Amino acid sequence: YLSSISEHDKTEIEKSLQPADILLEKTPFRLTDRFIPGYWGHVAIWVGSKEQLQYLGVWDDLPSLYASAQARFHYQGPSFQSQVEAGHKIIEALRAGVQINTLEHFLNIDDMAVVRDESLNHAAQKRYLLRAFSQIGKDYDFNFDVETDKKIVCSELAFVVYDDYDWPVSKTAGRYTISPDHVSEKADGNGPFTPVILY
């Protein structure tokens, strides 16, 4: 449904987003969503525009993070700076690995929520964004195991980026996992996140 919203609505969504926001999505038309417990099926992180990343002091660190992704994960995509300049502002873990995509790519969904820790100062935003960019190129964690971050799934992205938060997890098939619904629980009114957008 959201892939067909107006350009005006897409612009309004983008204007409302802030760097380090967490995006949750629901795609009941995808088979993979049926195997994920709870309502939400996917998690991503908004990194913002070039201007916002420059303001937060992140922009100049992106070339070294890109070189690290190439060396550590054999990442072969375009530079992080060129991708942001081309409109890629969402970091997400997909089956092909952790990548940075456009809002248009992300909006092939039915429902979306955006949650934000409104207490973050600029230093904290910068820290979390640098951690988010440092995940790009990692393989997808088909074991869904939060006790290792060598590979990650979408909800583990929030877990490893916001690494000093107390995240709920559950034990499944002998390993601890975090689901998208676990991420949404942190915006249930008891903090630290606040829902700021709901489609």
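This is a predicted model: local features need pLDDT of at least 70, side-chain atom pairs count only at pLDDT 80 or more; totals for chains, interfaces and linings use all residues.
Buried, as the word is used here, means under 20% relative accessible area, while exposed means over 50% and partly exposed lies in between, with a 1.4 Å probe and protein chains only. Residues are numbered from 1 along each chain as its sequence is written, and side-chain values use heavy atoms, with hydrogens and water left out. Helices (H or I, at least four residues) and strands (E, at least two) are DSSP runs, numbered from the N terminus.

**Helix 3 and the residue after it**

- An α-helix has 3.6 residues a turn, so residues three or four places apart point the same way.
- Helix 3 has 12 residues and reaches 16 Å from its first C-alpha to its last, close to the 16 Å expected at 1.5 Å a residue, where the expected span is 1.5 Å times one less than the number of residues.
- Just after helix 3, histidine 74 takes a positive phi of about 60 degrees; histidine 74 is found in the loop between helix 3 and helix 4 (80–85) and is exposed, with a relative accessible area of 61%.

**The sheet and its surroundings**

- An open sheet of 6 strands has the order 4-3-2-1-5-8, with antiparallel pairing, and two strands count as paired if DSSP finds at least two bridges between them.
- Strand 4 (97–102) and strand 8 stand at the edges, each with a single partner strand, so one side of each is left without a neighbour in the sheet.
- Neighbouring strands of this sheet are turned by 30 degrees against each other on average, direction ignored; axes are lines fitted to C-alpha atoms, for helices over the stretch in contact, and angles run from 0 to 180 degrees between N-to-C directions.
- Strand 5 (residues 111–116) and strand 8 pair in the antiparallel sense over 4 bridges, and the bridge partner of valine 114 in strand 8 is isoleucine 197.
- Alanine 113 has its place in strand 5 and is buried, with a relative accessible area of 7%; leaving out residues up to four places away in sequence, alanine 113 touches Ile22, Leu23, Leu24, Trp40, Ile197 and Leu198.
- Helix 7 (residues 154–161) lies across strand 1, strand 2 and strand 3 (88–94), and it runs at about 45 degrees to strand 2.

**Aromatic pairs**

- A search of the whole structure finds 12 aromatic pairs, where rings of Phe, Tyr and Trp (its six-membered ring) pair if their centres lie within 6.5 Å, and planes under 30 degrees apart count as stacked, over 60 as edge-to-face and the rest as tilted.
- Tyrosine 162 and tyrosine 165 form an edge-to-face pair, 4.8 Å centre to centre with 80 degrees between the planes.
- The rings of tyrosine 165 and phenylalanine 193 have their centres 5.5 Å apart and their planes at 20 degrees, so the pair is stacked.
- Tyrosine 165 lies in the loop between helix 7 and strand 6 (170–172) and phenylalanine 193 in the loop between helix 8 and strand 8, so the pair ties together parts that are 28 residues apart in sequence.
- Ring pairs link Tyr128, Tyr162, Tyr165, Trp167 and Phe193 into a cluster.

**Backbone features in loops**

- Alanine 20, in the loop between helix 1 (7–16) and strand 1 (22–26), has a positive phi near 80 degrees.
- A cis peptide bond joins glycine 191 and proline 192, with omega about 0 degrees.

Notes. Contact means heavy atoms within 4.5 Å.
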